[in-house]
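The questions below go through a protein model. Each answer sets a value beside the rule that gives it its name.

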Amino acid sequence: MGVQGTLEYLSNLLSSARRGKKKRKQIQTVAVKIRMDCEGCARKVKKVLSGVKGAKSVDIDLKQQKATVTGYNVEAKKVLKAAQSTKKKCELWPYVPYTLVAHPYVSGAYDKKAPPNMVRKVPDTATISDTAVDESYTIMFSDDNPNACSIM
C-alpha cells in the first residue's frame, strides 16, 4: 500500500466523517390539482407556488390542471395553502396509476375526468360488495344442475 496509499485512505476517511455529520436534505415532490383556464392563470399559480419555502422548481400542466412543486423539505399543507391563496379550486393530486389500486372500478375510484390510465386514490377498505341480486344470477346458471338454466 505504501505511504501514499495510507495518506490517501486516511484523507478519505476524515472527509467522509465530516460529510456524515451534515444532514442531507431530501428532495420532495408535491402535486396539486388546481383549476386553471388560461396561460395567465398558470403564470399566477406558478408565481405563487414558487414562493413556497424550499420550492426549487414548479411545473404546470395546463391540460391536466396539475401543478407539481419540487424542492427540499416541501410540505404538502404549505403548498396547498399557497394554492388556495390564488382563490382557485384546488386539492392535492388525487390520481394514481390504476395498476396500483386493488379495485380500480369501485364506486368512487373511477373518474371520467381523470388522465389516461389513472384513477382516484381510494382506501383499500373500499371493495366490491355482493348484493342479493348478483347472487340470484349465479344460482340461475349452475354447473352442478344442468337443468337449472331457467332462461333457455
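Q: Where is Lys66 found?
A: In this predicted model, Lys66 belongs to strand β3, which covers residues 66-72.

Q: Why is Lys66 said to have no salt bridge?
A: A salt bridge needs a side-chain nitrogen of Lys or Arg within 4 Å of a carboxyl oxygen of Asp or Glu. The nearest side chain of opposite charge to Lys66 is Asp61, 6.6 Å away, so Lys66 is buried yet has no salt bridge.

Q: Which residues is Lys66 in contact with, leaving aside its neighbours within four places in sequence?
A: Lys66 is in contact with Ala31, Val32, Met36, Asp59, Ile60, Asp61 and Trp93.

Q: Why is Pro94 called buried?
A: The name applies under 20% relative accessible area. Pro94 has 11%, so Pro94 is buried.

Q: Where in the chain is Pro94, and what does Pro94 touch beyond residues up to four places away in sequence?
A: Pro94 sits in the loop between β4 (90-92) and β5 (95-97). Pro94 touches Lys33, Val119, Arg120 and Lys121.

Q: What separates the C-alpha atoms of Pro94 and Ala114?
A: The two residues are 20 apart along the chain, and their C-alpha atoms are separated by 9.1 Å.

Q: What makes up the secondary structure of the protein, and which pattern does the protein follow?
A: The protein has four helices and six strands. Along the sequence they follow the pattern α-β-α-β-β-α-β-β-β-α.

Methods:
Residues are numbered from 1 along each chain as its sequence is written. This is a predicted model: local features need pLDDT of at least 70, side-chain atom pairs count only at pLDDT 80 or more; totals for chains, interfaces and linings use all residues. Side-chain values use heavy atoms; hydrogens and water are left out. Helices (H or I, at least four residues) and strands (E, at least two) are DSSP runs, numbered from the N terminus. Buried means under 20% relative accessible area, exposed over 50%, partly exposed in between (1.4 Å probe, protein chains only). Contact means heavy atoms within 4.5 Å. Lys and Arg count as positive and Asp and Glu as negative; His and the chain ends are not counted.
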